[in-house]
Amino acid sequence: KGGKGKVYALDGKTGKVVWQFFLVPKSDGDMVRGPLGKSPLDTKTWNNAPGIPISGGGTWTSYTLDTKNGLLYVPGGNPAPDFASGAREGDNLFTDSVVVLDAKTGDYKSNYKVVKKDWHDWDVSSPPILHQTMGGKQLMTVAPKDGHLYAYDLPSNKLLYRVPVTTIENVEGTFAVDQDVHFCPGPVGGTEWNTPGFDPTTNLIITGTVDWCDTVKIKTDERIRKVPVGQPWTGMAALNPINMFGKEDRTDGHWGGWIYASDADTGVWKWRVKSNYPIVAAITPTAGGVVFFADLGGNFYALDSFTGQKLWGGPLGTGAGIGGGVITYTVDGVQKVAVADGFTLVAWPTKPRHARVVVLGLDSAAAKK
C-alpha cells in the first residue's frame, strides 16, 4: 500500500539522479531524489474514496529509447488497489499508459492511455516497439496484460488498431463485494515482460501471450483502508493476496499460451500457434525466415516466420521454465541461439531448477554444407 511509480535518470559516472518523473500525482511527503521533469499531471483524473491514497503506476520492465528524437517511452503499471476500482474512480493517469519523456530532461512530451479503465491488474507490462511497416506507417506497437495488441500512428498519436491475441472472456464484468467474478486474461495473462517481435521481412508482429484466467472477489472500502502502508494492497478479499500467486483459476482448462502473427499495417492475424504452457520468454524473428520462442514447460521451438509451421522443437532437458531472453548470433560463420532457462517465481507454478544459458547451433559439418 502507498507505492508510486517513478522514473529516474542517473549519471553513468557519478550515480547521481539527473532527473525524476512521477507516473501518478505526487503528494506531500513523497521522496524526491533529483530535479523533477515538467509534468501536466494532477489529481483531476483520480477520484478516490476518503482514506484511499493515490498509488500504483509502478514500472517493472525495460523502457524504449528513441535515439533519433531523444525520447524515452515508459510503460506504466496498474493503479492501486488493483481490483477495487470503485475506490479510485477516474482515468487514473498515468497508470496503464505509455508515457513519452524527453530523455535528457525528463520533461513530459505525450502519453498513450492504453488500458482505459483497469480493474483486472492489466499493466502495460513490456516496452513498446517503434518501427516502420511495409506500408510505410510509423508505428508504436505495444502489448499489455489485457490480451490485446495495440498499434498507434506516431505522426498523429492515434490508435490504428486493437486486436485480441489470447482468450478474452467476461472482461466487462464488474467486481463486487462477496461475489466471485471470473475473467480472462487474469492478472498474469496477456503479454508479460517480453515485447513482441517485429519481422520486417514478413511485415508481421509476432506476439507471445499467456492464456490464463482468474476469479476475483473484492474487499469493502472499509477493509481496504485498514491495510497498513507497505502491505499488499490489491483490494482482493483474501487473507493474504500473496498466497494466491500461482493459484489463478485453472479449473476451466485455461492454462497455456499463444503465438499470434499479426500484419503490422492492419492488425489482422495471419497465423497462430497454441502452446500447452504460457509464453513469457522473448520472441526472436530472424532474417532467415525463422522465429524462435519458448514456453514455461521448458520447450524451445523454431517456426517458419511466413506460415507458423513448426520446423524444430522440444524440451531443452530439465523441464525448467523458459521466461527470459532468446538471442541469435554467429561465431566463425556458424549461427547459434542462446536461451535462458530455469525461470522460477512464486506467481508461476514452474518446476524449481537452477538457471542456465543453453546455446544451440549447427555442427561444423552441417555449417559447411
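I worked on a predicted model, where local features need pLDDT of at least 70 and side-chain atom pairs count only at pLDDT 80 or more, while totals for chains, interfaces and linings use all residues. Residues are numbered from 1 along each chain as its sequence is written, and side-chain values use heavy atoms, without hydrogens and water.

Cavity. I looked up cavities, meaning sets of points on a 1 Å grid over the protein atoms alone where a 1.4 Å probe fits but cannot get out. I found one of 30 Å³ or more. The largest cavity holds about 30 Å³, the volume being the space filled by probe spheres set on the points. T191, E192, W193, N194, G208, I279, V280 and A281 line it, each with an atom within 4 Å of a point.

Ring pairs. I counted 15 aromatic pairs, taking rings of Phe, Tyr and Trp (its six-membered ring) with centres within 6.5 Å. The W193 and W348 rings have centres 6.2 Å apart and planes at 85°, so I noted the pair as edge-to-face (over 60 degrees). W193 lies in the loop between β15 (181-183) and β16 (197-199), and W348, 155 residues apart from it, in the loop between β26 (334-341) and β27 (356-361); strands are DSSP E runs of at least two residues, numbered from the N terminus. W348 is buried at 4% relative accessible area (under 20%, 1.4 Å probe, protein chains only). I listed W193, W212, W255, F343 and W348 as one aromatic cluster.

Charge over a ring. I found the charged end of K274 over the ring of W258, 5.4 Å from its centre; the rule asks for NZ of Lys or CZ of Arg within 6 Å of the ring centre and within 35 degrees of the ring normal.

Note on methods: On a 1 Å grid over the protein atoms alone, a cavity is a set of points where a 1.4 Å probe fits but cannot get out, and a pocket is an open set with protein on both sides within 12 Å along at least five of seven lines; lining residues have an atom within 4 Å of a point. Rings of Phe, Tyr and Trp (its six-membered ring) pair if their centres lie within 6.5 Å; planes under 30 degrees apart count as stacked, over 60 as edge-to-face and the rest as tilted. Helices (H or I, at least four residues) and strands (E, at least two) are DSSP runs, numbered from the N terminus. Buried means under 20% relative accessible area, exposed over 50%, partly exposed in between (1.4 Å probe, protein chains only).
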